[in-house]
Amino acid sequence: MSVDLINLANVTISGVLTGLVYGLMALGLSVIFGVARVINFAHGEMMIISMYVASLLFEWFGINPFFAMVPVAVLFFYLGYFLQSKVIQPFITRPDHTQFMLLLAIAMIMTHSTLIVFGPDARTVSLDFLLESIELGPLLIDRGKLYAALVSFSAAVALFSFFRFTFTGTAIRACADNWLGAKITGLNIRKLYAIAFGLGSGCVAVAGCMLILLVDFTPALGPPYTLLAFIIVIVGGLGSMTGALLGGMLIGVTEALAGLWITPSAKSMFSFALMIAVLLVRPRGLLGNKL
Amino acid sequence: MRRRQFNRLLLATAASGVASFNIARAQSSKLRVGVLLPKSGLQGLIGQSCQKGADLAPAVIKDLFGIDIELMNADTETQVDTARTRAERLIQEGAHCLVGPFDSGAAAAIAQVAEQRGVPFVINIAAAPQITEQGYKFVFRNFPIASELIRNGLTLIADLFKATGAMPRTAVFMHVNDTFGQANAKAIGAIMPQLNLPFSLVETISYDPAAKDLSVEVAKAKSTKADFLLLVSRLNDAILLRREIIKQRWNVMGMISPGSPGMYEKQFYQTLGKLSDGCVSNVPWFDPQAAVTKSVDAAFRKHNPQDQLRFHALNVGYTFEAILIAADAYKRAKSTDAQALTEAIRATEIKNRMMIGAPIKFNAKRQVEGNLSACIQNQGQKPVVVLPAPSAEAQAKFPWTEYKRA
């Protein structure tokens, strides 16, 4: 294999692996919107808080993020459940702009609280294997990225299975498909909305626990991650779970290839270009329902 | 109370308020120095490092020169717009002089404010040449411009290769894509051909200063098969790059910065531990033998018992000197009047200084010439002077230990 091809393969694999973690993050946003029709503008900020919680568990108790993700996900499930049932629910029937302002306010409170508590310094989690790579012939696969991607993919499969094979999951899907029909059959819509928000929050918490293996983080990173999650769900299709994963991988690979072939300093520009192209050709996103 | 009486009372109150404010300004016996630094955001750690130099300045300057100064601190949040508004606010709140801001973009914005408001501004660290090319009257800089910084840095690279007997033939140049990085890239392009260096650049790769992942950039650099990495970085990206070099098993002789921050910062050592060793930065540095340095070092240890000055050498040194320039001018001007202070700064001549270089003296462009660099190598997880030979604390080691010869 020529050096160029090896490089291309390495960069593509790296893009896919990072994209899977991004995909799980965006999956949370997609679940929340798909069911409750609430656009969570505090999504990236929630993920940053989950990263801080996981890093504290690592610093204080030495709990590896792979294990920490379970209690962090449970904690965030309840946090999301509470947020939806007590704070967001009253805004469900109000005009969209009030929901927008509410979630933006929540996002700002989260960012500034994190800044007050933890300060502006970048944090990281140091594990020995994070500096290692797996050699597959001429290919080098970043061990940290590989593990993070595998966990993210497994979490996504678990979530799909929950929606597919459990009664609560089916009820949530029914609620998303036909709100009035679900109400007539006696489903507790409020509770299902709160569960969906909790699941979305849990998803973003797992993504946060995996992302601390890949990046250094600060409170200021919340808004860029919210924006990234939006780009991914718009590309994949708002409300589509598989679309979110596909969108994540596409964005990861697009940025990686743009960095390799064009210029690294403009690679995030290509995410936006991809989003515009998808919106022009297929306004509902790659796997989204008809508008 | 009738309306006319009320209006008179209101007017009198307002007038007395204004009068007392003016009296307070005129009677001020201290020079109020507005210190603008990026204490949060991307450059937060470097800004906090610079702040250590500002914090110890009033006491050291009072002890050494008997001058009273008062600091008014502001955080630019690593944002140009915030730097501009904070500068305006400091002036409104009574700052007689501005100092800062460790960033060329922010320095350019503050310079405009200082010029419009007629308040002297002493730049501590910022290398983009255009800031002192505008004909500004109130803007002064005691830091080498990009071309000077790069010329010093590249010359020291040649000296390093001579001293270690290393024979690298090619380099890949990676630089952060901000005002500072672009100014450095431009200077390297212009100066390299003049210096007849023993290596050539095979590729130039710029990257986003806010990048969270530099794996693609390093893959691209690795594919060039260059002998070493010539780097103009900030702190976080320098850490990311070092990690990626290890992950991608890039067999490169070393990382050398011709004059940028990142690899000699405390956080670099804390985050990378032993992996920080071997990296080289050719940067302006303090003179350990200077009397001022000894006073600053003592004050630094008092303020930061768990820390060492060498981890903040450039940041503390130049921030301290910028405040010293303002204080020295105030002593000679005997006034906080902006025009008098500006004239006094213009006539500055400080021979006993902390940083290595010629005396602090501003040229017609209000720029200090003759600030020199030292070759700093990370050894034993701390920055050590390895060149020039008279100031060397240890021998230079190049290539770094992990390099495997073909």
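I started with H4(A), where I found A:Gln99, A:Leu102, A:Leu103, A:Ile106, A:Ala107, A:Met110, A:Thr111 and A:Thr114 buried (under 20% relative accessible area, 1.4 Å probe, protein chains only). An α-helix has 3.6 residues a turn, so residues three or four places apart point the same way.

I noted that this is a predicted model, with local features needing pLDDT of at least 70, side-chain atom pairs counting only at pLDDT 80 or more, and totals for chains, interfaces and linings using all residues. Residues are numbered from 1 along each chain as written, chains are lettered from A and ligands numbered from 1 in the order written, and side-chain values use heavy atoms without hydrogens and water.

Next I looked up the partners: the buried residues of H4(A) pack against helix H2 (43-61), helix H3 (65-88) and helix H9 (222-236) of chain A (contact means heavy atoms within 4.5 Å).

Then I checked the length of H4 (residues 96-118) of chain A: at 1.5 Å a residue its 23 residues should span 33 Å, and its end C-alpha atoms are 33 Å apart, which agrees (the expected span is 1.5 Å times one less than the number of residues). Just past H4(A), I saw A:Gly119 with a positive phi of about 80°.

Zooming out, I counted 11 helices and 2 strands in chain A (DSSP runs, H or I of at least four residues for helices, E of at least two for strands, numbered from the N terminus). I also found that buried residues make up 56% of the 291 residues in chain A. The C-alpha trace of chain A spans about 65 × 50 × 35 Å along its principal axes.

Technical notes: Buried < 20%, exposed > 50% of the residue type's maximum accessible area, 1.4 Å probe, protein only.
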